[in-house]
Amino acid sequence: MDGFQAYGAGKAGGTFDPLTFIRQPQTIIRILCWLFSIVILGCVANEGYINRPDEVEEYCIFNRNQNACNYAIAMGTLGFLCSAGFLALDVYFPQISGVKDRKKAVMLDIGVSGEIPPIRF
């Protein structure tokens with residue numbers, strides 16, 4: 001039982017090695033997602049609204065649809081918060097000793113990631 005792992009991590013309470021953590025593929029992907037969410041949020045928030053010289057009111061560049069810009073800003077914000085939160089959870093994950101708590105963390109990650117296939121009618 002030396003190689004026993006519960007939900008993707010070894011024994012709880014091990015030392016944290018930042019270099020090993022940064023080299024993990026899921027950490028690299030989470031950092032990239034975090035950076036891309038900043039880019040999306042920054043682009044839409046700063047350059048998503050323009051106005052013509054003959055108009056006073058600003059409008060969204062996406063077909064003049066205000067909901068499209070609101071959606072893009074909401075998704076950028078949600079991506080930023082989720083990436084930062086799950087990156088912090090990845091740092092804390094090896095310290096979680098309870099299998100039930102690890103299961104909750106993994107299930108939350110799967111649920112937010114959209115890994116559950118949609119129901120088709």
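At what angle do helix 3 and helix 4 pack, and how far apart are their axes? In this predicted model, where local features need pLDDT of at least 70, side-chain atom pairs count only at pLDDT 80 or more, and totals for chains, interfaces and linings use all residues, residues are numbered from 1 along each chain as its sequence is written. Side-chain values use heavy atoms, without hydrogens and water.

Helix 3 (residues 66-92) packs against helix 4 (residues 99-113) at about 155°, with the axes 12 Å apart. Helices here are DSSP runs of H or I, at least four residues, numbered from the N terminus; axes are lines fitted to C-alpha atoms over the stretch in contact, and angles run from 0 to 180 degrees between N-to-C directions. Helix 3 is therefore roughly antiparallel to helix 4 (over 145 degrees).

On helix 3 the contact (heavy atoms within 4.5 Å) is made by Cys82, Phe86 and Leu89, and on helix 4 by Ala105, Leu108, Asp109 and Val112. Six of these residues are nonpolar, none is polar and one is charged. Nonpolar means Ala, Val, Leu, Ile, Met, Phe, Trp, Tyr, Cys and Pro; charged means Asp, Glu, Lys and Arg; the others, Gly among them, are polar.

Cys82 of this contact is also among the residues nearest the centre of the second largest pocket, together with Arg30, Cys33, Gly79 and Ser83. The lining comprises 16 residues: eight nonpolar, six polar and two charged.

How values were computed
Helices (H or I, at least four residues) and strands (E, at least two) are DSSP runs, numbered from the N terminus. Angles under 35 degrees count as roughly parallel, over 145 as roughly antiparallel, 65 to 115 as roughly perpendicular and the rest as oblique. On a 1 Å grid over the protein atoms alone, a cavity is a set of points where a 1.4 Å probe fits but cannot get out, and a pocket is an open set with protein on both sides within 12 Å along at least five of seven lines; lining residues have an atom within 4 Å of a point.
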